[in-house]
Amino acid sequence: MPRDAADTLVVLSNRLPITLRRERGTLRAEASSGGLVSALRPALHRQGGTWIGWPGTQLKAGERLPAVDPAVELVPVPLSPTEVKRYYHGFSNRTLWPLFHSLPERAVFDRREWESYELVNHRFADAAEEACRRGQLVWIHDYHLLRTAAPLRERVPAARLAFFLHIPFPPFDLFRLLPWSRAVLEGVLACDLLGFHSPGYVRNFLDAAERLLGARVDHRVGQVELGDHTTRVAAFPLGIDYGAYEKLAHGAPRKTPAERVILGVDRLDYTKGIPERILAFERFLELYPEHRERVVLIQLAVPSRDQVQAYQEQKRSIDEHVGRVNGRFGTSTWTPIRYLYRSVPPERLSALYRDADVALVTPLRDGMNLVAKEYVACQVDEPGVLVLSRLAGAAETMREALQVNPYDTDSVAERLHQALTMPEEDRRDRIAAPQARERRRNVNQWLDGFLSAALEPRKRFRPTTEAEFDAWLGDYLRTRDLALFLDYDGTLAPIVERPDEAAIPADTLDALRRCAARDDTDVTIVSGRGIGDIGARVAVDGITYAGNHGLEIQGPGVPDFVHTDVRHFQDEAASLAKALRALRVRGALVEEKGASLTFHYRRVAKPQWPDAVARAEACILEAGFQVRAALCAIEARPPIGWDKGHAVLHILRTRYGPAWSQRLRVIYAGDDSTDEDAFRSLQGLGMSFRVGGATSSTRATRRLASPEAICTLLEWLAARPPVADAAPR
Ligand code: GDG
């Protein structure tokens, strides 16, 4: 490697820039095709670094990848045939691809394929971990790897992670059809920067993050806060290597064409709208017979994903359409459609672009579409006309093209006629501006823009404001009393080294007192701590306490409650505490809480954590207790079918009667996995907030970054106007 690895880039994409094929036992390397590789190859060559991806075939032990570029180290990620089937042909190409292109009826939802996708994404994270520690930036590409950033972030918390999506991000109503939509969002939100081709996709993503995850979103700045992690989200429209195409177009041999040419160039993919395009060409020949025998449609279709059934069907459909039109209109000297099912070398492609009178680029949906840009760059002689689908990302900037709706056969036919009869000076007017723009916003500019944004100092989301709580909760609380439930550690009190030193900050305590003093607000503290401990720590008048994860409850309006099984498990918990101490894990702390206990390992030396956790868990399970992971701690809970969720519902029912859900509003805030039980119980019945914890999933309605946000929530609750028309209590 010529460069210092610390300055280099680590790129992850499904495919390496070369695809290997095994022919009669020997490996052959071919350049991979498609827009992603077209964009990234020059970029990585310039920057230098590591490219991690699937080589397209199984490598035998000791087999090495051929070097393609001295500046780029290639790292293969092996995939088994089943993984290729499930992760690649399956979840990536039968689920995400059609759904993200707004073609949901083509999407297949299969749990096994999702599981394989998850597994392979973790494998990519494994392959990238070492390079990630050395490199300056890890740049993950495209829809195959939406779940790779989260495990990388867990393993290398300080890593710089960025992601670019090459395909559209669909509107919320389509995205939510994906059963794993939340996991997908959480996966990419582990990055520092997310890039899309267009502002429309950015809007769709922000909308989904806000509505599906309850993440805080700043639509104006383009920021998402998930737990305590902030991700910047922005549009970086991809450009091409303009100079290279222009040069090829100048250099390619010229010959005088016999007919005028309409050109289509695509991977053979149903999103590219090739059958629809042929129908439009057929309509054009019907409507404008003067073009017959004078115009040909050259359609180049590069084989792609030919093992997926939908692609085989698409190919058959194209074959049929081509056959029909050629049979219907062809003569002994003229074939209307020249259809090539293969790829051609770049020199030939640029000559085709240059000599085409019209480029017919009509995808049904396309992230960007580089063909449109390449065509423009190759118009070095008499200019042609670009007819471009409005549903391609490229249409957002290529306004001068003749834009069409690819589903509207008649209007595509009319636009074709318009393009072929357009005077030369009009054609020049329409090509000059996009040429200048694409020359300027080329692939290097895209690369510089993305990389400098990815390496900018991190900006945290501004702290949560009272105005935000007003927007989220104002209407909700206007006419009903409030039952407010709050967890203690990590919610009211920041997490500290030693649990006995945890305390509520003065301003939070003051706001809590003011909330508790209101007639229309009842406060309950729900904690894993023993009831005596939590009562003494909070010590605010008029509050209810649920200790030991709700096994014990005391407070105004609720008869004192101790779960019937508690006494039995108190003795057992005491023996378990002894057994845990006997493990002699240095730095570990056992907190006894009556019928349950907590094993804290925050102060154990970090390398010993896995061992300490494994031993403690084994000991707890041996004693017949349940294990619950908490923050740097393990909770040992008696096997009683009662959790914070049960406790909350018990309090609500006993205190307010069976009709409680019609009489009052409920808010619950908590920070750890034991609070998830309460979030689940309250789904649809109340509002809930999960505090901190960026990577874990939650059932809470919204997320908040830290206990400071809880302080703001309490200040807003304390100062809100009194309930307008309170239901009788
Ligand atoms: C995805 C997104 C997004 C095609 N035929 C030949 C050939 N090509 C090259 C073209 C162009 C590339 O393949 C196709 O790029 P597109 O952008 O049009 O489409 P996808 O492959 O679907 O790419 C797309 C892109 O990623 C980048 O983010 O724009 O929306 O779907 O570069 O020139 N190249 C050669 N011979 C061929 O026969 N040499």
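Predicted model: local features only at pLDDT ≥ 70, side-chain atom pairs only at ≥ 80, totals over all residues.
The domain assignment divides the protein into four parts, with domain 1 spanning 5-235, domain 2 spanning 242-441, domain 3 made up of 466-563 + 642-719, and domain 4 covering 566-637. The C-alpha centres of domain 3 and domain 4 are 26 Å apart, and the contact between these two domains involves 21 residues of domain 3 and 17 residues of domain 4. Together the two domains bury about 1500 Å², of which 49% lies on carbon and sulfur atoms. On the domain 3 side, the greatest losses of area to domain 4 fall on E497, P499 and H549, which together account for 28% of what that side buries.

Polar interactions across this interface comprise six residue pairs in polar contact, and the count of salt bridges between domain 3 and domain 4 is one. D677 is joined to R628 by a salt bridge in which the closest N and O atoms are 3.0 Å apart. By class, the surface of domain 3 that touches domain 4 consists of eight charged, seven polar and six nonpolar residues.

A nitrogen atom of the ligand lies 2.6 Å from a backbone N or O atom of V344, whereas a ligand oxygen atom is found 2.4 Å from an N or O atom in the side chain of D366. Of the 730 Å² that the ligand exposes when taken alone, 92% is buried by the protein.

Note on methods
Residues numbered from 1 in each chain as written. Heavy atoms only, no water. Domains from an automatic or database assignment. Contact = heavy atoms within 4.5 Å. Buried area = accessible area lost by both parts, 1.4 Å probe. Salt bridge = Lys/Arg side-chain N within 4 Å of Asp/Glu carboxyl O. Polar contact = N/O pair within 3.5 Å; in protein donor to acceptor, adjacent residues only side chain to side chain. Nonpolar A, V, L, I, M, F, W, Y, C, P; charged D, E, K, R; others polar. Areas by Shrake-Rupley, 256 points an atom, 1.4 Å probe, with all protein chains shown as cover.
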